Amino acid sequence: AARATRRVAGVRPAVASDDVPEPEVAEAAPSEPLPLGSNLSDLQAQLAALSAQNAALLDDIDKLKPVEIPKTAEEQAEEERLAAIADPLAHAGLANPMGLETRIEPRVLKPGELLIQNTENDIKWPTPDENPPFYERAPYPAPLPGDGDEEAKAAKRDPNPLHVVHVTAEMAPIAKVGGLGDVVTGLARAHLDAGHNVEVILPYYSSIEGKVTNLEHVMDFDVSKGTETEWDGVREVRLDAFSTSMYTGIIGGGNVILLRPASKEHSNIFIGGKIYGGSYNELEAYLYFCRAALECMRVSGRDPNVIHVHEWQCSAVAMLYWDLYHAEGMLRNAKVMLTIHNMDNTGECRQEEFIATGVSGEEFNTLEKAMDERTIGHNPERLCLLKGAIVYSNYVTTVSPTYAKDALGGGGGFLNKTLSKSRMKFSGVLNGVDEQIWDARLDPFLPCSFKPGAMGGKALCKRYLQEGLGMDVNPDKPLVVCVSRLVPQKGVDLIRHAISHTKDQGGQFVLLGSGHSDPPFSQAAETVYKRDKDVKLLIFYSDQLSHLLYAAADFVLVPSMFEPCGLTQMIAMEYGALPIVRKTGGLADTVFDLDDPSKPYDDRNGFAFDGADNYAIESCMNRAFDLFKHRNVDLRQIQEKVMRTDNTWEKAGKEYVRLYRAMQA
Ligand code: ADP
């Protein structure tokens, strides 16, 4: 039957619109109640009419639903962009640390709480064919500083703060090549925590551009700089006012002052892909930098209590400070400290080259001042910048007591005479480890945290590394790790022998290293050990992977020929890996053999050997393997004891403040 339609009284479209036709519904019986006495069939008719009306209304609602218009590609992209701004971490890959499914928020930890409390099932186990490799997975968010930390910090504040200015060629993490960078950042942070005013003057290398936080251009100022030219046997020296730019910023949580020539067109100083990797003349560049650092302090009105210079690169600061700046009444308050991190390089300099500081080298070229004794009788004699700084500094430190003792003897080479004369102002202060970077409880690069009393995570880290590198996944094989520059100083022949010996003894070895002695290692990685399930030779630099290696290792090998301090053996301890070291320099000061009865048991923390032959390292490693093989509660207890060793910068920082104050007296 044809359906008549009518408008339903009292029902309006939810959205009034001229375009939307008014709905029509089926004709229904009037909805007035029936009079008393109506029979059942009347009621049924009324119910049917109401049901029809209801169905028609539902139909209307469906018709009124807005039509879904698909988004254009631009709208979709804009939506994603807005989501990314609202949640930047998600798009930095941090929403999925270590390949996990769930998003992890940065949080404040309770004292002693582990950062990552994964069980075996929570970990997304890596495979060797991941691309990018498993060790480049995004780290966990670092913990937020908590209230407790602030209280602890306040308790450490020195009531009498000093103003310390470091002048250095390196600073971790962005301008680091080796231990020097770690030391400057660690020491500066310890002193900042103690409430001192610390600034670090660093070259503004083009390789760190874009990596400095809060970078600000402060001013340009002139620095006196000489240039030497020679034409047809005639030497000429020209002095220029060299325009220099000063920036401030933050690196590794500390305040820095960055200096570089104002014009890139007129100078290539500090331009290059790496810290020491430019095509400029390094000696000229650092001599200019030393003069610029002093000039910058003068023109910016700084007059610190301490100017702390590092290595040969910054040695000229000590010489110029006393003979030029202080002598002429500028920068009156400062006392100068020199720290020698490695005496391998001493800063050889022709007298004429010193003119890059804007000052003639002639007056420094005497036996008492900076003359290099080895060049006596040459015409003219040369300068040794490190010697000049030893002579001119109020105090000289090196990075461990044993290296200091060695330096006064044969280890100091020709400088031992100068050091001996200066012995009253010379000592070794052991470096520390930066626990904001190296801490098994808080390390965001690990799949699972651990600490003394909760060591389960260490076994998971070992398995994670074995799986990721495609090694035999076996907790019962002792894992030896070596993280090192591959240069003769580090005992490359002993490292080579240790690799094959470990394999022969049924253990596993992972090497992470690079340097000019690395070709034989790269070759072995591609041939003998290419498919080996127990030996992995990784010939490159990876800070992130190094964290996992220390955490996974049972033993960390450091067989250096000489070692001013060494950080890797101390980092190993932070992760409960027992160090196996050659007894030299700082290694002898920090690692005490577990079998040495002359040491209190509590101080014994690793394995150490004398000598430099295969037998010496083999027998030392065999003792370590023996401990591992017969391991029982003892090994766990030793690991926990080693982790409790105090290698912090707080201790070294206090010793430096004691020496800074002694200089002021
Ligand atoms: P040096 O300053 O003589 O190189 P140290 O032991 O004082 O030796 O410091 C070495 C530092 O460099 C440590 O932090 C170590 O972990 C790091 N390191 C060395 N080689 C590598 C590498 N290939 N990848 C990552 N880190 C490395």
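Analyst: The model is a predicted one.

User: Which element supplies the largest share of the lining of the second largest pocket?

Analyst: Three helices each supply at least two residues of this lining: α16 (585-590), α18 (633-643) and α19 (649-664). With 3 residues, the largest share comes from α19.

User: How many residues of the lining of the second largest pocket are charged?

Analyst: The lining divides by class into 7 nonpolar and 7 polar residues, besides the charged group. The number of charged residues in the lining of the second largest pocket is 8.

User: Which element gives the most residues to the shell around the ligand?

Analyst: Two or more shell residues come from each of α5 (179-193), β14 (479-485), β15 (508-514), α14 (543-552) and α15 (568-574). The shell has 19 residues, and the closest to the ligand are Gly179, Arg485, Lys490, Tyr550 and Leu567. The element that gives the most, with 3 residues, is β14.

User: From which domains does the shell around the ligand draw at least three residues each?

Analyst: By class, the shell divides into 7 nonpolar, 7 polar and 5 charged residues. At least three of the shell residues come from each of domain 1 (160-428) and domain 2 (455-646).

User: What is the volume of the largest cavity?

Analyst: The structure holds 4 cavities of 30 Å³ or more. Residues lining the largest cavity include Ala172, Asp182, Trp438, Leu567 and Trp649. The lining of this cavity has 7 nonpolar, 2 polar and 2 charged residues. The volume of the largest cavity is about 90 Å³.

User: Where is proline 173, which is joined to alanine 172 by a cis peptide bond?

Analyst: Most peptide bonds are trans. The bond between alanine 172 and proline 173 is cis, with omega at about 0 degrees, and alanine 172 is also among the residues lining the largest cavity. The place of proline 173 is in the loop between β3 (163-167) and α5.

User: Is the peptide bond from asparagine 131 to proline 132 cis or trans?

Analyst: Proline 132 is placed in the loop between α3 (88-91) and α4 (147-156). Omega for the bond from asparagine 131 to proline 132 is near 0 degrees, and this peptide bond is cis.

User: What is the phi of asparagine 214?

Analyst: Most residues other than glycine have a negative phi. Asparagine 214 lies in strand β5 (residues 213-231). Although asparagine 214 is not a glycine, its phi is positive, at about 50 degrees.

Methods
Residues are numbered from 1 along each chain as its sequence is written. This is a predicted model: local features need pLDDT of at least 70, side-chain atom pairs count only at pLDDT 80 or more; totals for chains, interfaces and linings use all residues. Side-chain values use heavy atoms; hydrogens and water are left out. Helices (H or I, at least four residues) and strands (E, at least two) are DSSP runs, numbered from the N terminus. Ala, Val, Leu, Ile, Met, Phe, Trp, Tyr, Cys and Pro count as nonpolar, Asp, Glu, Lys and Arg as charged, and the others, Gly among them, as polar. A residue is near a molecule or strand if one of its heavy atoms lies within 4 Å of it. Domain bounds come from an automatic or database domain assignment. On a 1 Å grid over the protein atoms alone, a cavity is a set of points where a 1.4 Å probe fits but cannot get out, and a pocket is an open set with protein on both sides within 12 Å along at least five of seven lines; lining residues have an atom within 4 Å of a point. Grid points are joined across faces, edges and corners, and a volume is the space filled by probe spheres set on the points.
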